[in-house]
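Hi,

Here is the structure for you to look over. My notes follow below it.

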Amino acid sequence: MDRKHFLKISSVGLGSIGLPSFSPSAQKPIMVSTWDSGMKVNDAGWKILSANGTALDAIEAGGNFIENQNDCCVGLKGYPDRDGIVTLDACVMDHLSNCGAVAGIERIKHPISVARKVMEKTPHVLMVGAGAQQFALENGFPLESGELSDDAKKAYANWLKTSKYEPVINIENKKENGPFAPSFFEDGTLNHDTMGMLALDTHNNICGGVTTSGMAFKMHGRVGDSPVIGAGLFVDNEVGAATSSGLGEEVIRICGTHLVVEFMRQGYRPEMACKKAVQRIVNRDRKKAKTLQVGFLAINKKGQVGAYAVQTGFVYSIRTNNQNEIIKSKFLI
Ligand code: SD4
């Protein structure tokens, strides 16, 4: 289902109960996920949250759902790196500040579950590459085929025509942003959709997770923000949590999600906290910022939600008892 269609059908919103849809929610349980693909991810998590399950289980279920799909940017059917190899990044962080992550893992279907195992079964936080794969195999995850999906094969063949190494995340509304649109996505394929998820459960606990194949056609070995705690994900159960999508290097540079949570700790609402982190990126180099996209999504302890992006195009999905819709993020430039 395409993005526009999805946006159109998302009608069960706060609007329908008489509140403007940008009004912050203050309910629990609640699950929010990046992009429109987050709708179905939230559905998977909601089954658990609505039965008084834990935020951690909901996040893992959401991550596993999207890792099973034919998605450009998550799971083994995602787009490969520039050597034609799919490498996956994922992390989880729970309400006790426990966290686990894997980066650059190959041929494992559910990296978010491996990240959870790193959190629960090792004294470590981040495992990478061959070692992460070995750990996954030792913990019963099967070794999958390394073959690309048909869509990924097509996109990769397309990219190989120019093999232009241009590490950018495409900005939607490409006509408007013509000069900044990456040349290898002329066919309309997207290179975003990293799944960042945040949930607040009925036990009043917040947990988050991220799963992604990372930036399409990245250098082999390149790791983005997604599995980096404090960059792609940060949770502080006293304050709230944040996740990000977009050009990971820019997020890592400012410890983006940690920054968002710290702004919330200072009393800013989630949207303003996200905006201030986006401003940090833009103020550093405005000219460069015009060429890239980063979006932050945050939730606070009250269940209020907000997002902000560098450019237009970032959307997120929200699920509560009263709300099940896609919301467009505001943006700075
Ligand atoms: C990365 N942040 O690897 C990821 C890419 C992304 O939506 O978010 N895509 O830099």
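A polar backbone atom of Gly 248 sits 2.9 Å from an oxygen atom of the ligand. At Asp 193, a backbone N or O atom lies 3.0 Å from a ligand oxygen atom. (A polar contact is a pair of N or O atoms within 3.5 Å.) On its own the ligand has 280 Å² of accessible area, and the protein covers 100% of that. Those areas come from the Shrake-Rupley method with a 1.4 Å probe.

This is a predicted model: local features need pLDDT of at least 70, side-chain atom pairs count only at pLDDT 80 or more, and totals for chains, interfaces and linings use all residues. Residues are numbered from 1 along each chain as its sequence is written, and side-chain values use heavy atoms, with hydrogens and water left out.

Now the ligand shell. 13 residues surround the ligand, each with a heavy atom within 4 Å of it. The closest are Thr 194, Arg 222, Asp 225, Ser 245 and Gly 246. By class, the shell has 2 nonpolar, 8 polar and 3 charged residues. Gly counts as polar here.

One helix pair as well. H4 (residues 111-121) and H5 (residues 129-138) pack at about 85°, with axes 10 Å apart. That makes H4 roughly perpendicular to H5 (the class runs from 65 to 115 degrees). Val 114, Lys 117 and Val 118 in H4 meet Ala 132, Phe 135 and Ala 136 in H5 (contact means heavy atoms within 4.5 Å). This contact has 5 nonpolar, no polar and 1 charged residues.

Best wishes

Note on methods: Axes are lines fitted to C-alpha atoms, for helices over the stretch in contact, and angles run from 0 to 180 degrees between N-to-C directions. Helices (H or I, at least four residues) and strands (E, at least two) are DSSP runs, numbered from the N terminus. Angles under 35 degrees count as roughly parallel, over 145 as roughly antiparallel, 65 to 115 as roughly perpendicular and the rest as oblique. A polar contact is a pair of N or O atoms within 3.5 Å; within protein, one must be able to donate a hydrogen and the other to accept it, and residues adjacent in sequence count only if both atoms are side-chain atoms.
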